[in-house]
Amino acid sequence: MLTIAGMASNRGRNLLHLADRAPGGADLSVVLSNHEDAPVLDGAAERAIPTEVVERDDGESRASHERRILDRLSGYDVDLVCLDGYMRVLTDEFLDAAPLTLNVHPSLLPAFPGDDAHEQVLAAGVRTTGCTVHVVTEAVDDGPIVAQEAVPVYEDDDVADLKARVLYDAEFTAYPRVIRWFAEGRVEVADDRSSVTVEGDVGGSFPARRLRGDDRMADLRYGENPHQDAALYGDGADAASVVGAPQLNEGAKTLSYNNYNDADAALDLIREFDDPAAAVIKHTNPAGCATADALVDAYDDALATDAMSAFGGVVALNRDCDAATAESIVDSYKEVVVAPGYTDAALDVLTDSDDLRVLDVGDLGGDGAGAGGDEDAEALTEKDLVGGRLVQERDGWAPTRDDLEVVTEREPTDEQVATMLFAWRTLKHVKSNGIVLATGTETVGVGAGQVSRVDAVRLAAMKADEHAEGKSAAGSVMASDAFFPFPDGVERAAEAGVEAVIQPGGSVNDEDVIAAADEHDVAMAFTDHRCFRHD
(Lines give C-alpha, C1' and ligand atoms only; values in the text may rest on other atoms or scores of the structure.)
Protein backbone atom coordinates (compact mmCIF):
# COMPACT_ATOMS: atom_id res chain seq x y z
CA MET A 1 0.00 0.00 0.00
CA LEU A 2 1.29 3.45 -0.94
CA THR A 3 1.58 5.76 2.08
CA ILE A 4 1.55 9.53 1.76
CA ALA A 5 2.67 12.45 3.91
CA GLY A 6 0.72 15.57 3.06
CA MET A 7 2.09 19.07 3.59
CA ALA A 8 -0.15 22.15 3.42
CA SER A 9 -0.16 25.69 4.72
CA ASN A 10 -3.92 26.33 4.55
CA ARG A 11 -7.01 24.32 3.67
CA GLY A 12 -5.30 21.38 1.99
CA ARG A 13 -8.47 20.40 0.13
CA ASN A 14 -6.55 18.25 -2.32
CA LEU A 15 -5.00 16.29 0.53
CA LEU A 16 -8.36 15.71 2.17
CA HIS A 17 -9.80 14.69 -1.21
CA LEU A 18 -6.98 12.16 -1.59
CA ALA A 19 -7.75 10.82 1.87
CA ASP A 20 -11.43 10.43 0.96
CA ARG A 21 -10.74 8.87 -2.45
CA ALA A 22 -7.80 6.63 -1.48
CA PRO A 23 -6.82 6.24 -5.16
CA GLY A 24 -5.19 2.89 -5.81
CA GLY A 25 -5.61 2.09 -2.12
CA ALA A 26 -3.16 4.86 -1.13
CA ASP A 27 -3.28 6.00 2.49
CA LEU A 28 -2.71 9.54 3.77
CA SER A 29 -0.79 8.61 6.90
CA VAL A 30 0.05 12.09 8.20
CA VAL A 31 -0.71 15.72 7.47
CA LEU A 32 1.93 18.31 8.36
CA SER A 33 1.47 22.07 8.32
CA ASN A 34 3.74 25.02 8.98
CA HIS A 35 0.81 26.94 10.53
CA GLU A 36 -0.84 25.71 13.72
CA ASP A 37 -4.21 27.22 12.74
CA ALA A 38 -4.30 25.77 9.20
CA PRO A 39 -7.83 24.39 8.49
CA VAL A 40 -6.33 21.24 6.94
CA LEU A 41 -5.41 20.09 10.46
CA ASP A 42 -9.05 20.05 11.54
CA GLY A 43 -10.04 18.21 8.38
CA ALA A 44 -7.37 15.60 9.00
CA ALA A 45 -8.40 15.19 12.63
CA GLU A 46 -12.02 14.61 11.56
CA ARG A 47 -10.73 11.75 9.41
CA ALA A 48 -8.56 10.36 12.22
CA ILE A 49 -5.38 11.19 10.31
CA PRO A 50 -2.38 12.05 12.49
CA THR A 51 -1.21 15.67 12.24
CA GLU A 52 2.04 17.48 12.83
CA VAL A 53 2.74 21.23 13.12
CA VAL A 54 6.23 22.55 12.50
CA GLU A 55 6.22 26.34 12.43
CA ARG A 56 9.31 28.25 11.43
CA ASP A 57 10.65 30.23 14.37
CA ASP A 58 11.62 33.87 14.04
CA GLY A 59 15.14 34.07 12.70
CA GLU A 60 15.29 30.32 12.05
CA SER A 61 17.08 29.31 8.90
CA ARG A 62 15.27 27.44 6.17
CA ALA A 63 17.67 24.51 6.54
CA SER A 64 16.95 24.25 10.28
CA HIS A 65 13.20 24.35 9.70
CA GLU A 66 13.40 21.65 7.05
CA ARG A 67 15.49 19.41 9.32
CA ARG A 68 12.77 19.61 11.98
CA ILE A 69 10.14 18.71 9.37
CA LEU A 70 12.18 15.73 8.23
CA ASP A 71 12.58 14.67 11.85
CA ARG A 72 8.80 14.71 12.39
CA LEU A 73 8.17 12.80 9.18
CA SER A 74 10.76 10.18 10.08
CA GLY A 75 8.31 8.82 12.60
CA TYR A 76 6.00 7.71 9.80
CA ASP A 77 6.43 5.08 7.14
CA VAL A 78 6.03 7.29 4.06
CA ASP A 79 6.49 6.47 0.37
CA LEU A 80 5.53 9.82 -1.12
CA VAL A 81 5.21 13.44 0.00
CA CYS A 82 2.35 15.44 -1.50
CA LEU A 83 2.26 19.22 -1.28
CA ASP A 84 -0.97 21.19 -1.46
CA GLY A 85 -0.60 24.93 -1.14
CA TYR A 86 2.54 24.55 0.95
CA MET A 87 3.86 28.10 0.80
CA ARG A 88 7.55 27.43 1.29
CA VAL A 89 10.23 26.68 -1.30
CA LEU A 90 11.96 23.40 -0.46
CA THR A 91 15.71 23.00 -0.81
CA ASP A 92 17.56 20.22 -2.61
CA GLU A 93 18.80 19.03 0.80
CA PHE A 94 15.20 18.45 1.91
CA LEU A 95 14.17 16.87 -1.40
CA ASP A 96 17.17 14.51 -1.33
CA ALA A 97 16.41 13.40 2.22
CA ALA A 98 12.62 13.14 1.92
CA PRO A 99 10.66 10.62 -0.15
CA LEU A 100 9.80 11.74 -3.66
CA THR A 101 7.78 14.95 -3.40
CA LEU A 102 4.91 16.04 -5.66
CA ASN A 103 3.01 19.29 -5.98
CA VAL A 104 -0.12 20.42 -7.79
CA HIS A 105 -0.02 23.85 -9.43
CA PRO A 106 -3.17 25.66 -10.63
CA SER A 107 -2.17 26.24 -14.26
CA LEU A 108 -0.90 24.30 -17.25
CA LEU A 109 2.83 24.69 -16.63
CA PRO A 110 5.12 26.05 -17.89
CA ALA A 111 2.46 28.73 -18.48
CA PHE A 112 1.61 30.95 -15.50
CA PRO A 113 3.92 29.80 -12.70
CA GLY A 114 3.88 31.47 -9.30
CA ASP A 115 1.25 32.09 -6.65
CA ASP A 116 -0.95 34.34 -8.79
CA ALA A 117 -1.64 31.87 -11.62
CA HIS A 118 -5.36 32.63 -11.89
CA GLU A 119 -4.76 36.36 -12.15
CA GLN A 120 -2.18 35.72 -14.89
CA VAL A 121 -4.61 33.51 -16.80
CA LEU A 122 -7.36 36.12 -16.77
CA ALA A 123 -4.98 38.92 -17.71
CA ALA A 124 -3.64 36.90 -20.65
CA GLY A 125 -7.14 36.26 -22.01
CA VAL A 126 -6.50 32.56 -22.69
CA ARG A 127 -9.48 30.25 -23.08
CA THR A 128 -7.96 27.16 -21.46
CA THR A 129 -6.21 26.65 -18.15
CA GLY A 130 -6.02 23.76 -15.72
CA CYS A 131 -3.58 22.20 -13.31
CA THR A 132 -0.24 20.44 -13.34
CA VAL A 133 0.98 17.68 -11.03
CA HIS A 134 4.77 17.70 -11.10
CA VAL A 135 7.81 16.45 -9.26
CA VAL A 136 9.11 19.12 -6.87
CA THR A 137 12.56 20.51 -7.49
CA GLU A 138 14.30 23.48 -5.90
CA ALA A 139 13.34 25.55 -8.96
CA VAL A 140 9.80 26.76 -8.28
CA ASP A 141 7.07 25.25 -10.49
CA ASP A 142 9.71 23.78 -12.78
CA GLY A 143 9.88 20.04 -11.99
CA PRO A 144 9.07 17.35 -14.57
CA ILE A 145 5.36 17.01 -15.24
CA VAL A 146 3.53 13.83 -14.31
CA ALA A 147 0.03 14.82 -15.47
CA GLN A 148 -2.11 17.79 -16.43
CA GLU A 149 -5.84 18.40 -16.60
CA ALA A 150 -7.43 21.18 -18.65
CA VAL A 151 -10.54 23.26 -17.95
CA PRO A 152 -12.14 26.08 -19.97
CA VAL A 153 -11.92 29.76 -19.11
CA TYR A 154 -15.19 31.63 -19.67
CA GLU A 155 -15.55 35.27 -20.65
CA ASP A 156 -17.26 36.27 -17.41
CA ASP A 157 -14.87 34.40 -15.09
CA ASP A 158 -13.31 36.15 -12.13
CA VAL A 159 -10.55 34.78 -9.94
CA ALA A 160 -12.98 33.03 -7.59
CA ASP A 161 -14.81 31.31 -10.46
CA LEU A 162 -11.58 30.15 -12.03
CA LYS A 163 -10.06 29.00 -8.76
CA ALA A 164 -13.10 26.85 -7.98
CA ARG A 165 -13.23 25.30 -11.45
CA VAL A 166 -9.52 24.48 -11.46
CA LEU A 167 -9.76 22.95 -8.01
CA TYR A 168 -12.87 20.83 -8.42
CA ASP A 169 -12.67 19.95 -12.12
CA ALA A 170 -8.91 19.74 -12.66
CA GLU A 171 -6.97 19.24 -9.41
CA PHE A 172 -9.53 16.82 -7.95
CA THR A 173 -9.11 14.77 -11.14
CA ALA A 174 -5.38 14.96 -11.82
CA TYR A 175 -3.94 14.50 -8.31
CA PRO A 176 -5.85 11.27 -7.55
CA ARG A 177 -4.98 9.96 -11.01
CA VAL A 178 -1.27 10.49 -10.36
CA ILE A 179 -1.45 8.88 -6.92
CA ARG A 180 -3.20 5.88 -8.43
CA TRP A 181 -0.43 5.59 -11.01
CA PHE A 182 2.18 5.62 -8.25
CA ALA A 183 0.20 3.04 -6.26
CA GLU A 184 0.09 0.81 -9.33
CA GLY A 185 3.85 1.14 -9.81
CA ARG A 186 3.49 2.77 -13.22
CA VAL A 187 5.58 5.90 -12.60
CA GLU A 188 9.36 5.99 -12.97
CA VAL A 189 11.26 9.12 -11.86
CA ALA A 190 14.90 9.65 -12.71
CA ASP A 191 17.26 9.59 -9.74
CA ASP A 192 18.09 13.26 -10.27
CA ARG A 193 14.36 14.11 -10.57
CA SER A 194 14.93 15.38 -14.11
CA SER A 195 12.37 13.24 -15.94
CA VAL A 196 9.23 11.18 -15.45
CA THR A 197 7.77 8.32 -17.47
CA VAL A 198 4.37 6.72 -16.93
CA GLU A 199 3.84 3.16 -18.11
CA GLY A 200 0.92 2.96 -20.53
CA ASP A 201 0.60 6.73 -20.94
CA VAL A 202 1.55 6.61 -24.60
CA GLY A 203 -1.46 7.96 -26.49
CA GLY A 204 -2.95 5.86 -29.28
CA SER A 205 -6.64 5.25 -29.81
CA PHE A 206 -7.23 4.59 -26.11
CA PRO A 207 -4.83 6.82 -24.17
CA ALA A 208 -4.41 6.75 -20.41
CA ARG A 209 -5.92 10.26 -20.28
CA ARG A 210 -8.44 11.93 -22.55
CA LEU A 211 -9.04 15.65 -22.99
CA ARG A 212 -12.08 17.07 -24.77
CA GLY A 213 -12.54 20.60 -26.05
CA ASP A 214 -16.02 20.74 -27.54
CA ASP A 215 -17.68 24.03 -28.47
CA ARG A 216 -21.39 24.66 -28.02
CA MET A 217 -22.86 24.95 -31.51
CA ALA A 218 -26.51 25.54 -30.64
CA ASP A 219 -29.04 25.65 -27.84
CA LEU A 220 -31.81 23.17 -28.64
CA ARG A 221 -35.48 23.68 -27.92
CA TYR A 222 -35.40 20.65 -25.62
CA GLY A 223 -33.89 17.18 -25.34
CA GLU A 224 -35.45 13.81 -26.05
CA ASN A 225 -38.53 15.04 -24.19
CA PRO A 226 -39.86 18.57 -23.63
CA HIS A 227 -38.94 18.62 -19.93
CA GLN A 228 -35.23 18.01 -20.72
CA ASP A 229 -32.90 20.90 -21.60
CA ALA A 230 -30.34 20.21 -24.34
CA ALA A 231 -27.55 21.71 -26.43
CA LEU A 232 -25.44 20.67 -29.40
CA TYR A 233 -21.64 20.57 -29.11
CA GLY A 234 -19.11 20.17 -31.91
CA ASP A 235 -15.58 18.81 -31.83
CA GLY A 236 -14.34 20.44 -35.04
CA ALA A 237 -13.98 17.20 -37.02
CA ASP A 238 -13.68 17.63 -40.79
CA ALA A 239 -15.80 14.59 -41.73
CA ALA A 240 -19.20 15.06 -43.32
CA SER A 241 -21.48 15.56 -40.35
CA VAL A 242 -24.90 16.84 -39.39
CA VAL A 243 -23.35 18.85 -36.54
CA GLY A 244 -22.02 21.66 -38.66
CA ALA A 245 -24.18 21.11 -41.73
CA PRO A 246 -25.92 24.25 -42.97
CA GLN A 247 -29.71 24.18 -42.97
CA LEU A 248 -30.58 25.35 -46.47
CA ASN A 249 -34.11 26.47 -45.67
CA GLU A 250 -33.26 28.96 -42.94
CA GLY A 251 -36.88 29.93 -42.37
CA ALA A 252 -37.85 26.40 -41.36
CA LYS A 253 -37.87 25.12 -37.80
CA THR A 254 -34.50 24.46 -36.24
CA LEU A 255 -33.44 20.89 -35.63
CA SER A 256 -34.32 19.21 -32.35
CA TYR A 257 -32.24 16.82 -30.24
CA ASN A 258 -34.06 13.86 -31.81
CA ASN A 259 -33.66 15.30 -35.31
CA TYR A 260 -29.89 15.47 -34.88
CA ASN A 261 -29.76 11.99 -33.42
CA ASP A 262 -31.80 10.46 -36.24
CA ALA A 263 -30.01 12.46 -38.95
CA ASP A 264 -26.64 11.27 -37.67
CA ALA A 265 -27.85 7.65 -37.70
CA ALA A 266 -29.20 8.05 -41.24
CA LEU A 267 -25.95 9.57 -42.50
CA ASP A 268 -23.98 6.80 -40.82
CA LEU A 269 -26.03 4.18 -42.69
CA ILE A 270 -25.82 5.59 -46.21
CA ARG A 271 -22.03 5.97 -45.85
CA GLU A 272 -21.94 2.18 -46.20
CA PHE A 273 -22.72 2.14 -49.91
CA ASP A 274 -20.91 3.09 -53.11
CA ASP A 275 -23.98 2.80 -55.34
CA PRO A 276 -26.75 5.43 -55.12
CA ALA A 277 -28.36 4.78 -51.74
CA ALA A 278 -31.23 6.09 -49.67
CA ALA A 279 -32.36 5.36 -46.14
CA VAL A 280 -35.32 6.40 -44.04
CA ILE A 281 -34.63 6.46 -40.29
CA LYS A 282 -37.07 6.55 -37.40
CA HIS A 283 -35.81 6.71 -33.83
CA THR A 284 -32.29 5.88 -35.12
CA ASN A 285 -33.47 2.59 -36.67
CA PRO A 286 -33.81 2.06 -40.42
CA ALA A 287 -37.43 1.95 -41.54
CA GLY A 288 -36.00 1.10 -44.95
CA CYS A 289 -32.82 1.20 -47.00
CA ALA A 290 -31.99 0.51 -50.65
CA THR A 291 -29.48 1.04 -53.40
CA ALA A 292 -30.33 1.36 -57.09
CA ASP A 293 -28.99 2.73 -60.35
CA ALA A 294 -31.04 5.90 -59.87
CA LEU A 295 -31.31 7.78 -56.57
CA VAL A 296 -35.07 8.22 -56.85
CA ASP A 297 -35.49 4.45 -57.25
CA ALA A 298 -33.33 3.84 -54.19
CA TYR A 299 -35.48 6.23 -52.18
CA ASP A 300 -38.77 4.75 -53.41
CA ASP A 301 -37.57 1.23 -52.62
CA ALA A 302 -36.41 2.27 -49.15
CA LEU A 303 -39.68 4.05 -48.38
CA ALA A 304 -41.76 1.11 -49.61
CA THR A 305 -40.26 -1.10 -46.90
CA ASP A 306 -42.39 0.54 -44.21
CA ALA A 307 -43.99 3.78 -45.37
CA MET A 308 -46.23 3.86 -42.30
CA SER A 309 -43.29 3.85 -39.87
CA ALA A 310 -41.35 6.25 -42.09
CA PHE A 311 -43.93 8.99 -41.49
CA GLY A 312 -42.12 11.85 -39.75
CA GLY A 313 -38.75 10.19 -40.29
CA VAL A 314 -35.37 11.36 -41.53
CA VAL A 315 -34.15 10.72 -45.09
CA ALA A 316 -30.47 10.35 -45.98
CA LEU A 317 -29.00 10.16 -49.47
CA ASN A 318 -25.44 9.49 -50.58
CA ARG A 319 -25.77 11.46 -53.81
CA ASP A 320 -26.77 15.02 -54.56
CA CYS A 321 -30.54 15.16 -54.33
CA ASP A 322 -32.21 15.73 -57.71
CA ALA A 323 -35.71 17.04 -58.46
CA ALA A 324 -37.24 13.60 -59.02
CA THR A 325 -36.02 12.36 -55.64
CA ALA A 326 -37.13 15.58 -53.96
CA GLU A 327 -40.65 15.23 -55.42
CA SER A 328 -40.87 11.70 -54.08
CA ILE A 329 -39.61 12.75 -50.63
CA VAL A 330 -42.26 15.46 -50.18
CA ASP A 331 -45.08 13.11 -51.15
CA SER A 332 -45.24 12.13 -47.47
CA TYR A 333 -44.31 13.92 -44.26
CA LYS A 334 -40.62 13.86 -43.34
CA GLU A 335 -38.74 15.85 -40.72
CA VAL A 336 -35.23 16.11 -42.20
CA VAL A 337 -33.38 15.42 -45.44
CA VAL A 338 -29.61 14.84 -45.32
CA ALA A 339 -27.52 14.79 -48.50
CA PRO A 340 -24.07 15.79 -49.79
CA GLY A 341 -25.69 18.40 -52.03
CA TYR A 342 -28.85 19.45 -53.89
CA THR A 343 -29.73 20.65 -57.36
CA ASP A 344 -31.48 24.01 -57.58
CA ALA A 345 -34.61 22.25 -58.79
CA ALA A 346 -34.54 19.91 -55.81
CA LEU A 347 -34.21 22.83 -53.40
CA ASP A 348 -37.21 24.53 -55.00
CA VAL A 349 -39.24 21.47 -54.07
CA LEU A 350 -37.78 20.71 -50.65
CA THR A 351 -37.75 24.24 -49.24
CA ASP A 352 -41.41 24.85 -49.93
CA SER A 353 -42.36 23.52 -46.48
CA ASP A 354 -41.28 24.99 -43.14
CA ASP A 355 -41.69 21.56 -41.53
CA LEU A 356 -38.95 19.88 -43.59
CA ARG A 357 -35.37 20.71 -42.63
CA VAL A 358 -32.80 20.39 -45.45
CA LEU A 359 -29.19 19.69 -44.44
CA ASP A 360 -26.16 19.83 -46.73
CA VAL A 361 -23.41 17.71 -45.15
CA GLY A 362 -20.95 18.13 -48.00
CA ASP A 363 -18.76 15.57 -49.73
CA LEU A 364 -18.96 12.05 -48.33
CA GLY A 365 -15.78 10.99 -50.14
CA GLY A 366 -15.85 9.66 -53.69
CA ASP A 367 -19.08 8.73 -55.48
CA GLY A 368 -20.37 7.48 -52.16
CA ALA A 369 -18.60 6.78 -48.92
CA GLY A 370 -18.62 3.01 -49.12
CA ALA A 371 -17.28 0.49 -46.62
CA GLY A 372 -18.26 2.52 -43.61
CA GLY A 373 -17.55 6.01 -44.86
CA ASP A 374 -14.62 8.36 -45.27
CA GLU A 375 -11.51 7.98 -43.15
CA ASP A 376 -12.49 10.66 -40.65
CA ALA A 377 -15.77 8.87 -40.04
CA GLU A 378 -13.80 5.89 -38.71
CA ALA A 379 -13.27 7.67 -35.41
CA LEU A 380 -14.20 6.34 -32.00
CA THR A 381 -17.74 6.21 -30.70
CA GLU A 382 -18.70 7.03 -27.14
CA LYS A 383 -21.53 6.45 -24.71
CA ASP A 384 -21.80 8.43 -21.52
CA LEU A 385 -22.27 6.55 -18.27
CA VAL A 386 -22.77 7.90 -14.79
CA GLY A 387 -19.19 8.54 -13.69
CA GLY A 388 -17.52 7.91 -17.04
CA ARG A 389 -17.96 6.82 -20.63
CA LEU A 390 -17.49 3.81 -22.85
CA VAL A 391 -15.26 4.31 -25.89
CA GLN A 392 -14.86 1.95 -28.83
CA GLU A 393 -13.85 1.84 -32.47
CA ARG A 394 -16.62 2.25 -35.01
CA ASP A 395 -17.76 -0.98 -36.62
CA GLY A 396 -16.21 -0.57 -40.05
CA TRP A 397 -16.24 -4.26 -40.94
CA ALA A 398 -18.55 -5.75 -43.53
CA PRO A 399 -18.18 -9.12 -45.25
CA THR A 400 -17.10 -9.75 -48.81
CA ARG A 401 -17.98 -12.88 -50.78
CA ASP A 402 -14.71 -14.43 -49.65
CA ASP A 403 -15.66 -13.95 -45.99
CA LEU A 404 -18.79 -16.09 -46.26
CA GLU A 405 -18.67 -19.70 -45.14
CA VAL A 406 -21.57 -21.61 -46.64
CA VAL A 407 -22.57 -24.25 -44.08
CA THR A 408 -25.71 -25.76 -45.63
CA GLU A 409 -26.30 -28.31 -48.35
CA ARG A 410 -27.94 -25.64 -50.45
CA GLU A 411 -25.59 -23.03 -51.90
CA PRO A 412 -26.85 -19.44 -52.12
CA THR A 413 -27.16 -18.03 -55.63
CA ASP A 414 -24.95 -15.17 -56.75
CA GLU A 415 -27.94 -12.85 -56.40
CA GLN A 416 -28.59 -14.08 -52.86
CA VAL A 417 -24.93 -13.53 -51.94
CA ALA A 418 -25.15 -9.94 -53.20
CA THR A 419 -28.28 -9.47 -51.09
CA MET A 420 -26.54 -10.95 -48.06
CA LEU A 421 -23.76 -8.39 -48.37
CA PHE A 422 -26.26 -5.52 -48.75
CA ALA A 423 -28.38 -6.74 -45.84
CA TRP A 424 -25.36 -6.99 -43.54
CA ARG A 425 -24.35 -3.38 -44.18
CA THR A 426 -27.88 -2.28 -43.34
CA LEU A 427 -28.12 -4.59 -40.34
CA LYS A 428 -25.07 -2.91 -38.75
CA HIS A 429 -27.33 0.10 -38.13
CA VAL A 430 -30.30 -1.78 -36.64
CA LYS A 431 -30.60 -1.93 -32.87
CA SER A 432 -30.06 -5.37 -31.37
CA ASN A 433 -31.51 -7.87 -31.42
CA GLY A 434 -31.71 -7.04 -35.11
CA ILE A 435 -33.04 -8.85 -38.18
CA VAL A 436 -33.14 -7.54 -41.76
CA LEU A 437 -35.06 -9.20 -44.60
CA ALA A 438 -34.01 -8.10 -48.07
CA THR A 439 -34.35 -8.88 -51.75
CA GLY A 440 -31.97 -7.56 -54.34
CA THR A 441 -30.47 -4.46 -52.72
CA GLU A 442 -33.51 -3.27 -50.85
CA THR A 443 -34.97 -4.05 -47.46
CA VAL A 444 -38.37 -5.71 -47.22
CA GLY A 445 -38.69 -6.00 -43.44
CA VAL A 446 -36.75 -4.86 -40.36
CA GLY A 447 -37.06 -6.33 -36.86
CA ALA A 448 -35.25 -4.00 -34.45
CA GLY A 449 -34.52 -3.78 -30.75
CA GLN A 450 -36.15 -7.00 -29.58
CA VAL A 451 -35.02 -8.83 -26.47
CA SER A 452 -35.78 -12.12 -28.24
CA ARG A 453 -34.15 -12.98 -31.56
CA VAL A 454 -37.15 -15.11 -32.52
CA ASP A 455 -39.41 -12.09 -31.92
CA ALA A 456 -37.11 -10.00 -34.12
CA VAL A 457 -37.61 -12.57 -36.92
CA ARG A 458 -41.38 -12.53 -36.41
CA LEU A 459 -41.42 -8.72 -36.42
CA ALA A 460 -39.35 -8.46 -39.61
CA ALA A 461 -41.58 -10.99 -41.37
CA MET A 462 -44.74 -9.22 -40.19
CA LYS A 463 -43.39 -5.88 -41.40
CA ALA A 464 -42.56 -7.41 -44.79
CA ASP A 465 -45.95 -9.05 -45.25
CA GLU A 466 -48.21 -6.39 -43.73
CA HIS A 467 -46.44 -3.02 -44.06
CA ALA A 468 -44.19 -3.25 -47.11
CA GLU A 469 -45.63 -2.03 -50.39
CA GLY A 470 -45.21 -4.57 -53.19
CA LYS A 471 -42.85 -6.69 -51.12
CA SER A 472 -43.05 -9.76 -48.90
CA ALA A 473 -40.87 -12.07 -46.87
CA ALA A 474 -41.31 -14.82 -49.47
CA GLY A 475 -38.07 -15.40 -51.34
CA SER A 476 -36.09 -12.97 -49.18
CA VAL A 477 -32.66 -13.17 -47.60
CA MET A 478 -32.43 -12.83 -43.80
CA ALA A 479 -29.51 -11.24 -41.96
CA SER A 480 -29.06 -11.62 -38.20
CA ASP A 481 -26.67 -9.49 -36.14
CA ALA A 482 -25.69 -12.41 -33.89
CA PHE A 483 -25.88 -16.18 -34.04
CA PHE A 484 -29.10 -18.10 -33.62
CA PRO A 485 -28.83 -19.90 -30.28
CA PHE A 486 -31.57 -22.37 -31.24
CA PRO A 487 -33.15 -23.60 -34.49
CA ASP A 488 -36.44 -21.77 -33.84
CA GLY A 489 -35.30 -18.49 -35.42
CA VAL A 490 -34.40 -20.17 -38.71
CA GLU A 491 -37.60 -22.25 -38.56
CA ARG A 492 -39.75 -19.11 -38.17
CA ALA A 493 -37.88 -17.49 -41.07
CA ALA A 494 -38.45 -20.53 -43.30
CA GLU A 495 -42.16 -20.49 -42.45
CA ALA A 496 -42.24 -16.85 -43.64
CA GLY A 497 -40.63 -17.80 -46.95
CA VAL A 498 -36.99 -16.82 -46.31
CA GLU A 499 -34.71 -18.71 -48.69
CA ALA A 500 -31.24 -17.71 -47.50
CA VAL A 501 -29.64 -16.60 -44.23
CA ILE A 502 -26.47 -14.74 -43.32
CA GLN A 503 -25.45 -14.84 -39.66
CA PRO A 504 -22.26 -14.83 -37.56
CA GLY A 505 -22.37 -18.45 -36.44
CA GLY A 506 -20.52 -19.54 -33.33
CA SER A 507 -23.33 -20.98 -31.22
CA VAL A 508 -22.87 -24.27 -29.38
CA ASN A 509 -26.05 -25.25 -31.22
CA ASP A 510 -24.79 -24.39 -34.70
CA GLU A 511 -25.20 -27.98 -35.86
CA ASP A 512 -28.88 -27.97 -34.88
CA VAL A 513 -29.42 -24.62 -36.58
CA ILE A 514 -27.71 -25.84 -39.76
CA ALA A 515 -29.82 -29.01 -39.67
CA ALA A 516 -32.99 -26.90 -39.44
CA ALA A 517 -31.87 -24.85 -42.44
CA ASP A 518 -31.17 -28.03 -44.42
CA GLU A 519 -34.54 -29.46 -43.45
CA HIS A 520 -36.29 -26.37 -44.86
CA ASP A 521 -33.96 -26.13 -47.91
CA VAL A 522 -32.62 -22.75 -46.80
CA ALA A 523 -29.11 -21.66 -47.80
CA MET A 524 -27.04 -20.29 -44.92
CA ALA A 525 -23.64 -18.61 -44.64
CA PHE A 526 -21.59 -17.70 -41.57
CA THR A 527 -19.52 -14.51 -41.31
CA ASP A 528 -17.62 -15.25 -38.07
CA HIS A 529 -18.38 -11.64 -37.09
CA ARG A 530 -21.35 -10.15 -35.29
CA CYS A 531 -22.65 -6.60 -35.61
CA PHE A 532 -24.50 -5.85 -32.38
CA ARG A 533 -25.66 -2.25 -32.04
CA HIS A 534 -27.10 -1.66 -28.60
CA ASP A 535 -27.25 2.16 -28.65
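Modeller: Let us begin with the second largest pocket: α6 gives the largest share of its lining, four residues. The model is predicted, so local features need pLDDT of at least 70 and side-chain atom pairs pLDDT 80 or more, while totals for chains, interfaces and linings use all residues. Residues are numbered from 1 along each chain as its sequence is written, and side-chain values use heavy atoms, without hydrogens and water.

Biologist: What makes a space a pocket, and what makes a residue part of a lining?

Modeller: On a 1 Å grid over the protein atoms alone, a pocket is an open set of points with protein on both sides within 12 Å along at least five of seven lines; a cavity is a set of points where a 1.4 Å probe fits but cannot get out; a lining residue has an atom within 4 Å of a point. By that rule, 34 residues line the second largest pocket, and G85, Y86, M87, V104 and P106 lie nearest its centre. At least two lining residues come from each of α1 (13-21), β4 (80-84), β5 (101-105), α5 (117-124) and α6 (159-183). These labels are DSSP runs numbered from the N terminus: helices (H or I, at least four residues) and strands (E, at least two).

Biologist: What volume does the second largest pocket have, and how does its lining divide by class?

Modeller: Its volume is about 940 Å³, where grid points are joined across faces, edges and corners and the volume is the space filled by probe spheres set on the points. The lining has 13 nonpolar, 10 polar and 11 charged residues. Here Ala, Val, Leu, Ile, Met, Phe, Trp, Tyr, Cys and Pro count as nonpolar, Asp, Glu, Lys and Arg as charged, and the others, including Gly, as polar.

Biologist: How many cavities of 30 Å³ or more are counted?

Modeller: Two cavities reach that limit. The largest cavity holds about 50 Å³ of space, and its lining consists of R56, R62, H65, E66, I69, Y86, R88, V89 and L90. By class, that lining has four nonpolar, one polar and four charged residues. The second largest cavity has a volume of about 30 Å³ and is lined by A265, L269, I281, T284, H429, K431 and R533.

Biologist: H65 belongs to the lining of the largest cavity. Is H65 buried or exposed, and how do you know?

Modeller: Buried means under 20% relative accessible area, exposed over 50%, and partly exposed in between (1.4 Å probe, protein chains only). H65 has 4% relative accessibility and therefore counts as buried. It lies in helix α3 (residues 62-73). Leaving out residues up to four places away in sequence, H65 is in contact (heavy atoms within 4.5 Å) with N34, V54, E55, R56, E60 and Y86.

Biologist: What class does G475 fall into, and why?

Modeller: G475 has 33% relative accessibility, so it counts as partly exposed. G475 is located in the loop between α13 (453-467) and β22 (477-480). Beyond its neighbours within four places in sequence, G475 contacts T439, G497 and E499.

Biologist: How do you know that the length of α13 agrees with its number of residues?

Modeller: The expected span is 1.5 Å times one less than the number of residues. For the 15 residues of α13 this should be 21 Å, and the end C-alpha atoms are 20 Å apart, which agrees. S452 caps the N-terminal end of α13, with a side-chain oxygen 3.3 Å from the backbone nitrogen of V454. Among the buried residues of α13 are V454, A456 and V457.

Biologist: Which peptide bonds are cis?

Modeller: The bond from L109 to P110 is cis, with omega near 15 degrees, and the bond joining S432 and N433 is cis, with omega about -10 degrees. P110 is in the loop between β5 and α5, and N433 is in the loop between α12 (414-427) and β20.

Technical notes. A polar contact is a pair of N or O atoms within 3.5 Å; within protein, one must be able to donate a hydrogen and the other to accept it, and residues adjacent in sequence count only if both atoms are side-chain atoms.
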